[in-house]
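Could you walk me through this protein model?

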Amino acid sequence: QVAADPIPQPIAPEPAADANAAPAIIQVVPADVLLRPGQKQTFTARAFDAKGRFLKEVKADWSVGQLVIPPPPGRVPEVKNPNAPKKPMAAAPATAPTTAPAPPGPIGNLKGELTADGTYTAPDGPHMAGGIYATVGGVKGFARVRVMPPLPWKFDFEQARVGAPPFTWTGAGGKFSVQDQNGNKVLTKLTDIPLYARARTNFGSVNMANYTLQADIKVKETVIGEGNHVIHKMPDAGIINQRYVLELLGTDQKICLHIWPTALPYSLNHTIPYPWEAGGSYRLKLQVTQASDKAIVAGKVWPADRPEPADWIVRLEDTVPNRNGNPGLWGFSNDQEIYYDNIIVTENKQ
């Protein structure tokens, strides 16, 4: 047996909340929802007092609106571009984001029907996101809502907000940003925070399966040394399909199709040599097919200005398979940005 002192009682017990008090905080539940066109979701408004004590569920005035994006976090000067040279040398300097962060403000394109009892119906249309607001006595709360249309999808970022990640994507804040490059918008993997040297972002639903993902990737390089002692240091960049990754290894000049990067080269993978160059655009395509007892994973890579090769060049079969997972992007870069464009997601052909 273990003896313990009794838990001390508070000096003065907190008084019970007055259920009839005017609410100071309105909470909308569920707080974050992903819907398909035609799906319905009923929201509830919950009232709390100024001390954070729950009062009761309340009737509210409901509305659909935009969300206010908070300002981006400040970059500490000492950790911005830590790999930039302090004095002239052969290595190219680290890149900084070429587009300033987007200013805070309202954003969103959410539409749809919302009844007086808080039931929302997702409409047909493109990818949408925004807020469902509940107002009670001048106090407002909100839930975040994304509406995901059926496949196929294409993201070329031409309508995206510059200086910010795609609004309906997850895990991109501080790591990825849409930038304008001579009139062409691309999604950029940033390099100015060392913690995010390895970064990924996802979109869509974690329940997705049996689809093909394609994306164009371009990188720059850092050249270190001179003459016969030159190292071309390039980022690693890839795409994610149902938790499987197809990755172009820059400095190592390889293609790697893998499931668990932390355990490479011992985890399940198919890796082959593949010479590729900085400054060129390469198209990656990754297909995952779910069979009864395994997942069949196949990938190919080719210069984006050339015809697609007929055959898959890396393949693996996973007998302990990932059965689902949303599409995404992966990048590992300390010095140079990675650029992603023309992302396409389609259902696998039967």
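Seven salt bridges are counted in this predicted model, a salt bridge being a side-chain nitrogen of Lys or Arg within 4 Å of a carboxyl oxygen of Asp or Glu. Side chains of opposite charge can pair when their charged atoms come close. Because the model is predicted, local features need pLDDT of at least 70 and side-chain atom pairs count only at pLDDT 80 or more, while totals for chains, interfaces and linings use all residues. Residues are numbered from 1 along each chain as its sequence is written, and side-chain values use heavy atoms, with hydrogens and water left out.

Let us start with Arg144 and Asp32, whose side chains form a salt bridge with an N to O distance of 2.7 Å. This pair links distant parts of the chain, since Arg144 sits in strand 12 (residues 139-147) and Asp32 in strand 2 (residues 32-35), 112 residues apart. Strands here are DSSP runs of E with at least two residues, numbered from the N terminus. Arg144 is partly exposed at 44% relative accessible area, and Asp32 is also partly exposed, at 42%. For these words the cut-offs are under 20% relative accessible area for buried, over 50% for exposed, and in between for partly exposed, using a 1.4 Å probe and protein chains only.

A second salt bridge brings together Lys294 and Glu317, at 3.0 Å from N to O. Lys294 belongs to the loop between strand 24 (282-290) and strand 25 (295-303), and Glu317 to strand 26 (residues 314-318), so the pair ties together parts that are 23 residues apart in sequence. Lys294 is partly exposed, with 21% relative accessibility, and Glu317 is partly exposed with 42%.

Now look at Glu308, which forms a salt bridge with Lys300, their closest N and O atoms being 3.0 Å apart. Is Lys300 buried or exposed? Lys300 is buried, with a relative accessible area of 4%, whereas Glu308 is partly exposed at 37%. Through shared partners, salt bridges join Lys285, Lys300 and Glu308 into one network.

From charges we can turn to strands. Strands of a sheet pair through backbone hydrogen bonds, either parallel or antiparallel. Here two strands count as paired if DSSP finds at least two bridges between them. Strand 3 is joined to strand 10 (residues 119-121) by three bridges, and Lys40 stands opposite Thr121 in strand 10.

Further along, strand 22 (residues 254-258) has antiparallel partners. With strand 21 (residues 244-249) it pairs over five bridges, and Leu257 in strand 22 is the bridge partner of Leu246. These two strands form a hairpin with four residues between them, and Gln253 in the turn has a positive phi of about 55°. Strand 22 also pairs with strand 23 (residues 269-273) over five bridges, where His258 stands opposite Asn269. Four of the five residues in strand 22 are buried.

One last stop is Thr222, in strand 18 (residues 222-224). Thr222 counts as buried at 3% relative accessibility. Its side chain makes a polar contact of 3.3 Å with the side chain of Gln336. A polar contact is a pair of N or O atoms within 3.5 Å; within protein, one must be able to donate a hydrogen and the other to accept it, and residues adjacent in sequence count only if both atoms are side-chain atoms.
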